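Work through these exercises with the model in view. Try each task before reading its solution.

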Amino acid sequence: MNKIALISGAFFGMSAVIFGAFGAHLLKKKLNTDQLQSFETGVKYQMYHAIVLLVLGFQLNHQITIDNYIINFFIIGIILFSFSIYGLVISSANNKKLKFLGPITPLGGLCLVLGWGLLIYKFLTL
């Protein structure tokens, strides 16, 4: 069992619900269609990977190095990918776009891909 994965998964799942409600109710009137879709993409990816972290938390061992890398890549990926999208969308809606967040989003995506790739590698070496 990996307690960090379980706690992180639960936190990201909870906050995805909060951000989803925030987007659907408060931001819907403030964002255009493209911005709202981008915000929803961040929420979806956050929730998908929160569920993955919960599943992996019960399956992976925190004493195995590759397992820790998998968990860490997913956690870092969620933060960089989803939260940079939230920042970009909200700042853009306020006409103060935080452009430095633009390059962070693909880095987060890369971390998510690396997490999935390491998971495939782990399965291949079982």
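**Exercise 1: Two helices crossing**

The crossing of α2 and α4 is left-handed (the near helix is turned anticlockwise from the far one by less than a right angle; clockwise would be right-handed). The model is predicted: local features need pLDDT of at least 70, side-chain atom pairs need 80 or more, and totals for chains, interfaces and linings use all residues. Residues are numbered from 1 along each chain, and side-chain values use heavy atoms, without hydrogens or water.

Task: Find how the axes of α2 and α4 are arranged, and which residues meet.

Solution.
1. Locate the helices: α2 covers residues 33-59 and α4 covers residues 104-124. Helices are DSSP runs of H or I with at least four residues, strands are runs of E with at least two, and both are numbered from the N terminus.
2. Read the axes: they come within 13 Å and cross at roughly 30 degrees. Axes are lines fitted to C-alpha atoms, for helices over the stretch in contact, with angles from 0 to 180 degrees between N-to-C directions.
3. Classify the angle: α2 and α4 are therefore roughly parallel (under 35 degrees; over 145 is roughly antiparallel, 65 to 115 roughly perpendicular, the rest oblique).
4. List the contacts (heavy atoms within 4.5 Å): Tyr 45, His 49, Val 52 and Leu 56 of α2 meet Leu 112, Trp 116 and Leu 119 of α4.
5. Sort these residues: six are nonpolar, one is polar and none is charged. Nonpolar covers Ala, Val, Leu, Ile, Met, Phe, Trp, Tyr, Cys and Pro; charged covers Asp, Glu, Lys and Arg; the others, Gly among them, are polar.

**Exercise 2: Aromatic pairs**

Task: Describe the pair Tyr 45 and Tyr 48, then the pair Phe 83 and Tyr 86.

Solution.
1. The whole structure holds ten aromatic pairs. Rings of Phe, Tyr and Trp (its six-membered ring) pair with centres within 6.5 Å; planes under 30 degrees apart are stacked, over 60 edge-to-face, the rest tilted.
2. Tyr 45 and Tyr 48 form a tilted pair, 6.2 Å centre to centre, with 50 degrees between the planes. Both lie in α2, three residues apart, about one turn of the helix.
3. Tyr 45 is partly exposed at 37% relative accessibility (buried is under 20%, exposed over 50%, partly exposed in between, with a 1.4 Å probe and protein chains only). Tyr 48 is partly exposed too, at 47%.
4. Phe 83 and Tyr 86 form an edge-to-face pair, 5.4 Å centre to centre, with 75 degrees between the planes. Phe 83 is partly exposed at 29%, whereas Tyr 86 is buried at 5%.
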